[in-house]
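Let's take a guided walk through a structure, one piece at a time. Keep the picture open while you read.

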2 protein chains.
Amino acid sequence: MSDGFPLLLTPGPLTTSEATRRAMLRDWGSWDAAFNALTASVCKDLTAIVHGEATHACVPMQGSGTFAVEAALGTLVPRDGKVLVPVNGAYCKRIVKILEYLGRAHAMIELAEDEIPTGERVERALDADPAITHVALVHCETGTGILNPLEEIARACVRAGRGLIVDAMSTFGALDIDVAREGIEAVVAASGKCLEGVPGMGFVVVRAEALERCEGNAHSLALDLHAQWTYMRATGQWRFTPPTHVVAALRAALDQFAAEGGLAARGARYRRNCDALVRGMTALGFRPFLPAALQAPIIVTFHVPADAAFTFWALYEKVRARGFILYPGKLTRVDTFRVGCIGAIGEDDLRGAVRAIAEALEEMGVRSAAAAEVAVAG
Amino acid sequence: MSDGFPLLLTPGPLTTSEATRRAMLRDWGSWDAAFNALTASVCKDLTAIVHGEATHACVPMQGSGTFAVEAALGTLVPRDGKVLVPVNGAYCKRIVKILEYLGRAHAMIELAEDEIPTGERVERALDADPAITHVALVHCETGTGILNPLEEIARACVRAGRGLIVDAMSTFGALDIDVAREGIEAVVAASGKCLEGVPGMGFVVVRAEALERCEGNAHSLALDLHAQWTYMRATGQWRFTPPTHVVAALRAALDQFAAEGGLAARGARYRRNCDALVRGMTALGFRPFLPAALQAPIIVTFHVPADAAFTFWALYEKVRARGFILYPGKLTRVDTFRVGCIGAIGEDDLRGAVRAIAEALEEMGVRSAAAAEVAVAG
């Protein structure tokens, strides 16, 4: 427990620091110069995190990360454009669903949930279909926690001359993305993930040159990234009421991000969290869904035990009573649950969570945490 | 100043209470039962404020109020529908702009900024054009502060059998709206206005029967009100990451709203604020843009003084230094500025603001606050 409330071992909203939450204790006028300066400094820092200072602009967007993903797709992909989506999980499918709503043509590379798209496969798909204008890639597919190979896919896009839009919702600030070096058109993320702010705003770091060509593409006034950017450039203000307290919390979170040592330190802490979690859970008998080589240090999917005494919701309640919130699985074909490694937490917290899970299993009378398939295979 | 930061005399974000801000000092899991209960209780209270318990549902929406307005229009108006918009200010024009983005047919009743649409005029327009399916009305047009006659327009819509969608952004919680008695299809508002929460979520209180017919209308995944409602009904959860801290702040703000005495008390306090403001400013020589009969107790537009020593931004800076944030005008043809009466503030605060304005005028060497037109007319 932190200050009497449970730690969130989820992919966001996640546990924030007290300093970040305390930044919400004042009100801000959305027309005031002090708030405009806050917004500008946040955008500058977000652009720098993905090395876009010379080439890219950061456009913030009210709402959850999905709002920013939709804004990016709706604004950057022309109405007669076509998007290739490698699909290996729920968030990839959400992109396809957005494209269906928008009426934008699209094609999929359909993969198993533990299979990654390769640069070669993307390149083949691009060569085969010249109508494709963009590729939309989920960096870490939080449905499983799988890390997709961003750099080789980015290179395939550059070689084929197509725009790459990256949903980096759960990796931005923790895993390095270099938009300039890799020629990435846009990276989308949100306040409440690895930056450890509170939820309530998304943002798109987008190549200014690409954004300039986008006037009139958007299907939505609220989600028109070009209009948001144009207005903000001219006035320093958001077009519509900004989530002022969320922006102030993100500013505080970015200060702590810098103080921690930036992306390298943040990523290393999450890696230690992930290692402590996987080690502890494996020792209890749990089996991760993904092989270690494909696992991002963000969220880990575990098979549920085959033992009939086990139910996820009983585990959830018992572990919650001990101060930790777990996350349900999102796979359709295999019964799983997830434990997040991100947020203002350290490896001791993850060890504490593993102890709480062990105690809960004992209370439930679960004698083995081994998954069904293991039992069958063994 | 409140705790060292200026009071916001704006139409939102506005000044909140410390209790509301302190509600953001804990994190919430968006899948957790405790947070689902928070969301459900907020939605229940919001529905009750406009007397919709028996007929209407409250669907929350991430983002600013404009996101909720767009969600309501995009979801409730069928693709072959047509919307009549009485236009007497900037927020009415914004509705028209949304309809243009959505590709929904629309017609306007064009009015001067100090002229209100009447029920009779709306009825005539509806009789003349059977293609119109909906009327979209801004209750208080914050561009000027004018109060549009909701009830007579609602009755015209009921008589003509058309749906009425009300943008009650700046009146919800302060001026009474009875969706059941007046047969209103939907009322749209947001967390950060008269409910005195922080900005970051909007909501639509909508007749359940109307919402049920709306599947497939929406142009946007994120802003699909029907999908948001369906998912929330089935799971108790938001479809996409909710602004958890904003929701918690709204819960605290609603508790204070009830403790104050609900809508009647809230509206009466704003009326006292407005009276204190107008009395004080008139005594200084300022002239309100609207006649008293059309003025909502939300935000007051004043003509700028004709005196050459006056500039709004100098006034803004000097009044800000004294602890109050004013609001620029939004009229195209007349030079004005605005002062809000809403938020966690009382008449003493408004009197303090008037004193600060008087001192600022003196410092600027403004000898008369009389407006140009008065000077010409006199």
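Through which surface do the copies meet? Keep in mind while looking that this is a predicted model.

## How the two chains meet

Here's the answer: 100% of the interface residues of chain B are also interface residues in chain A, so the copies meet through the same surface.

Turn chain B by 180 degrees, with a shift of 0.0 Å along the axis, and chain B can be laid on chain A with an RMSD of 0.0 Å. The two copies are thus related as by a two-fold rotation axis. If you want to find that axis in the picture, look for B:Gly63: in chain B, its C-alpha is the one nearest the axis, at 2.1 Å.

Now find helix α10 of chain A, which covers residues 244-260. Let's check its length. At 1.5 Å a residue, its 17 residues should span 24 Å, and the C-alpha atoms at its ends are 24 Å apart, so the two agree.

Is α10(A) largely enclosed or left open? Twelve of its 17 residues are buried, so the rest of the structure largely encloses it. The buried ones include the run from A:Thr244, A:His245, A:Val246 and A:Val247 on to A:Ala248 and A:Ala249, and A:Phe257 is buried as well. What do they pack against? In chain A, the neighbours are α1 (18-22), α2 (33-49), β10 (201-207) and α11 (262-284). Chain B joins in too, with its α1 (18-22) and α9 (244-260).

## A covered strand in chain B

Next, hop over to strand β5 of chain B, residues 134-138. This strand is mostly covered, with five of its five residues buried. Which way do they point? B:His134, B:Ala136 and B:Val138 go one way from β5(B), while B:Val135 and B:Leu137 go the other way, and all are buried.

## A three-stranded sheet in each chain

Look at chain A again and you'll find an open sheet of three strands, in the order β11-β14-β13, with antiparallel pairing. At the edges stand β11 (299-303) and β13 (327-328), each with a single partner strand, so one side of each is left without a neighbour in the sheet. Two bridges join β13(A) to β14(A), residues 336-340, and A:Pro328 stands opposite A:Phe337. Lying across β11 and β14 of chain A is α11(A), which runs at about 10 degrees to β11(A).

Chain B has an open sheet of three strands in the order β11-β14-β13, with antiparallel pairing. Its edge strands are β11 (299-303) and β13 (327-328), each pairing on one side only. β13(B) pairs with β14(B) (residues 336-340) over two bridges, and B:Pro328 stands opposite B:Phe337. Watch the helix label, though: in chain B, the helix lying across β11 and β14 is α10 (residues 262-284), running at about 10 degrees to β11(B).

Definitions and conventions:
Residues numbered from 1 in each chain as written. Chains lettered and ligands numbered in written order. Predicted model: local features only at pLDDT ≥ 70, side-chain atom pairs only at ≥ 80, totals over all residues. Heavy atoms only, no water. Helix = DSSP H or I, 4+ residues; strand = E, 2+ residues; numbered from the N terminus. Expected span 1.5 Å × (residues − 1). Buried < 20%, exposed > 50% of the residue type's maximum accessible area, 1.4 Å probe, protein only. Contact = heavy atoms within 4.5 Å. Least-squares fit on C-alpha atoms with pLDDT ≥ 70 in both. Pairing = 2+ DSSP bridges. Axes fitted to C-alpha atoms, helices over the stretch in contact; angles between N-to-C directions.
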